[in-house]
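Hi,

Here is the structure we spoke about. Please load it first, then read the notes below it.

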Amino acid sequence: MTDDWLDSPFDPEQRYKHLEDIEPEFWKKKKLEEMSQKEWELLCDGCGKCCLNKLEIRGHIRFTRTVCRFLDCQTCLCKIYEHRFKKVPDCRNIDLAAVRETPRWLPKTCAYWLLDNGQDLPDWHPLKTKKAASVHEAGMSLQKRDVISETGVNDYEDYIIDWPDL
Ligand code: SF4
Ligand code: SF4
């Protein structure tokens, strides 16, 4: 498989089916800043939890169960991925600065945050299972969770949650 998928419509299953040209367990051998674009992209498990709306309260990030209006909560994929930064000014690119920002706003299960903090990927991560759906099957994505679209939300504080994986 070539690197074409980097420019193709996002198809998570295809990404993890063809890892022949990827160094085995590259995430244990390289720092985040040493990874290729392809390796970086493969780290994203597709959980969708970074698309939950958050509040910063007294120096801590509190997650809410309200989600960006453009997230497909079944697939946990962005419906406007190519145009997300134009349409949603506060949509964040996941780069090193975002991963290292304090207070932490990425979920505790986020592969970038885990690796940057000296931890391994979880056993359900698609890079280990070679199956994109394993994040959903393990209950680690937003799929089947009690989330609501931000449209119609008046007071985000009414929706603060304390899920253990956030
Ligand atoms: S939280 Fe991390 S792993 Fe999950 S979708 Fe966002 S960037 Fe990817
Ligand atoms: S626009 Fe940004 S925050 Fe909204 S669903 Fe897409 S990636 Fe997530």
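**Fold and ligand shells**

Read along the sequence, the elements run α-α-α-β-β-β-β-α-α-α-α-α-β. That makes eight helices and five strands. Keep in mind that this is a predicted model.

Overall dimensions next. The C-alpha trace spans about 50 × 30 × 30 Å along its principal axes. The radius of gyration is 16 Å. A compact globule of 166 residues would come out near 15 Å, so the protein agrees with that expectation. Of the 166 residues, 23% count as buried. Contacts were also sorted by sequence separation. Among those with a separation of 6 or more, 61% join residues 24 or more positions apart.

Now the sheet. Three strands form an open sheet in the order β1-β2-β5, and the pairing is mixed. Strands β1 and β5 are the edges, each pairing on one side only. Strand β5 covers residues 148–149.

The two pairings in detail:

- β1 (residues 52–57) and β2 (residues 60–67) are antiparallel, with five bridges. They form a hairpin with two residues between them. In that turn, R58 has a positive phi of about 45 degrees.
- β2 and β5 are parallel, with two bridges.

Which residue is worth a look here? V67 in β2 stands opposite L52. V67 also has a bridge partner in β5, namely S149. As background, strands of a sheet pair through backbone hydrogen bonds, either parallel or antiparallel.

On to the ligands. Which residues come nearest to ligand 1? They are C44, D45, C47, C50 and C110, out of 13 residues around this ligand. The shell of ligand 1 divides into nine nonpolar, two polar and two charged residues.

Around ligand 2 sit C51, C68, F70, L71, C78, I80, R84, V88 and C91. How does this shell divide by residue class? Eight are nonpolar, none is polar and one is charged.

For a quick tour, start at the hairpin of β1 and β2. Move across to β5 at the sheet edge.

Best wishes

Terms used. Residues numbered from 1 in each chain as written. Chains lettered and ligands numbered in written order. Predicted model: local features only at pLDDT ≥ 70, side-chain atom pairs only at ≥ 80, totals over all residues. Near = placed C-beta within 6 Å. Nonpolar A, V, L, I, M, F, W, Y, C, P; charged D, E, K, R; others polar. Pairing = 2+ DSSP bridges. Helix = DSSP H or I, 4+ residues; strand = E, 2+ residues; numbered from the N terminus. Rg over C-alpha atoms; globule rule 2.2 N^0.38 Å. Buried ≥ 20, exposed ≤ 12 C-beta atoms within 10 Å, placed from the backbone. Contact = placed C-beta atoms within 7 Å.
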